[in-house]
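Welcome! Please take a moment to look over the sequence and the 3D view before reading on.

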Amino acid sequence: MIWTALTTIMVILGLFGLTETVYASMKSFGIIRRISTAGLEERYNLEKSYYLLSTIVWVILLSRIVASGVFWITNESLIPLIPGAMCQFGVNQAGAPYSWIDDGVKLFVVFAYGVWLSLDLINRRVKGGPLMLTLSKIFLILAPLLFLEAFLDVAFYVTVSPVVVPCCRTVFTASNPLPCPYCFVFHDAPMFLVVIVSYGLAICLVFWSLFIRHYSFKFKEIADVGMNAIRKLTLMALGFSVLGTIAVIPALFQVLGTTGFAP
Amino acid sequence: MIPKKTMLVLVLIVSVVIVSVLAFNYLRSQQTSLTLEESIAITHYNLNRKTNTLLGVNLTSEAVSSIVLTSGKMVKVQSGIAVASNTFTPSLTLAPNSTIYVPLGYSLDPEGADYTIYILTSKGTGIKGTLAYP
């Protein structure tokens, strides 16, 4: 392991995620198992139990979302510490195979976790918590992803070592039509980061609103709150996509600006 | 049915992705369509490894006529982006069968990378060289 403040934070967040996911999964499973046969009093107790679960899941998911952002910063900080690494491609080579899988998983975790968070926000605003069972089930579906993501973080940062690695210049040569995504986005055209993050969030917000729409049709109790949330989410999505479109102009200038080949 | 605003977001994203891909392809086609001077070559790279700078290059001509050099560019191979450029003021003239030193002063990635150096002429042609750093 390469001990730095950031790798330590990532390992701690990973271990926290692993333990809390196990605990929350058991609690969630308990609610699903008992709710169908519960009487009035037990249902009230289950509701209280669900609010505890909900709080724990919020902490887990938010910590994982923070870890998803810190992940890229940590990898960038490891480049000078790994001989031969010129960009995050080299860092991933040093932490293979966990690093490569982790990279792929990190690209859509915010989208997946956001589905649960947005539905839970609506559930909290409606009396009786009609989505309690649905959210417990969704959490059980998310749990393997949470577990995998946290495990990959721990495995990657514990196994990564300062070995000599071949970097992207072995793959992305002059004859390769594609650029190295890490060199392109993180080093030479960083404005594209703003574009990617803005559009990524816009796509997430759109999909979350579609999920809320689906459940608003299914559970009439949440229809009003759901429609209000959809309006807010789509407006935010529009805002992020406009921000991404504005950012794409300087980003394109970063790529094209100095490259005229006229005499 | 997808709501109007959602549709607008998706259309915006798709159109910007298309524009970005077209822009990158335009950049690549500009680099590949450049006519190269066959009789002139970059024969030496003057590097300062302490400051990670390409100070300049030597150009050697075997051509029969002189040529005017107007500007220089450095494209990072791994990203395909021109990371540095400069215009020679006044422009430099390379006499036939001679060598000239062209000052550049381009910063190089201290972690290392491959670069393609282009020296452009007043005729719209170029002299190309490759540099693997460090």
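## Where the chains meet

Please keep in mind that this is a predicted model. Chain A brings 43 residues to the contact, and chain B brings 43 residues as well. The size of an interface is often given as the accessible area lost when the parts come together. Between chain A and chain B, about 3500 Å² is buried, and carbon and sulfur atoms give 68% of that area.

## Links across the interface

The rule finds 2 salt bridges across the interface of chain A and chain B. In one of them, the side chain of R169(A) meets that of D114(B), with 2.6 Å from N to O.

On the side of chain A that touches chain B, the elements giving two or more residues are α7 (181-188), α8 (191-218) and α9 (223-256) of chain A. Of these, α9(A) gives the most, with 12 residues. Sorted by class, this side of chain A has 30 nonpolar, 10 polar and 3 charged residues.

## A sheet in chain B

Strands of a sheet pair through backbone hydrogen bonds, either parallel or antiparallel. Chain B has an open sheet of 4 strands, in the order β4-β3-β6-β7, and the pairing is antiparallel. At the edges are β4 (81-94) and β7 (126-133) of chain B, each pairing on one side only. From one strand to the next, the twist averages 20 degrees.

Within chain B, β3 (residues 67-76) and β6 (residues 113-121) pair in the antiparallel sense over 7 bridges. Here K76(B) stands opposite Y115(B) in β6(B).

How values were computed
Residues are numbered from 1 along each chain as its sequence is written. Chains are lettered from A and ligands numbered from 1 in the order in which they are written. This is a predicted model: local features need pLDDT of at least 70, side-chain atom pairs count only at pLDDT 80 or more; totals for chains, interfaces and linings use all residues. Side-chain values use heavy atoms; hydrogens and water are left out. Contact means heavy atoms within 4.5 Å. Buried area is the accessible area (1.4 Å probe) that two parts lose on being put together, summed over both. A salt bridge is a side-chain nitrogen of Lys or Arg within 4 Å of a carboxyl oxygen of Asp or Glu. Ala, Val, Leu, Ile, Met, Phe, Trp, Tyr, Cys and Pro count as nonpolar, Asp, Glu, Lys and Arg as charged, and the others, Gly among them, as polar. Two strands pair if DSSP finds at least two bridges between them. Axes are lines fitted to C-alpha atoms, for helices over the stretch in contact, and angles run from 0 to 180 degrees between N-to-C directions.
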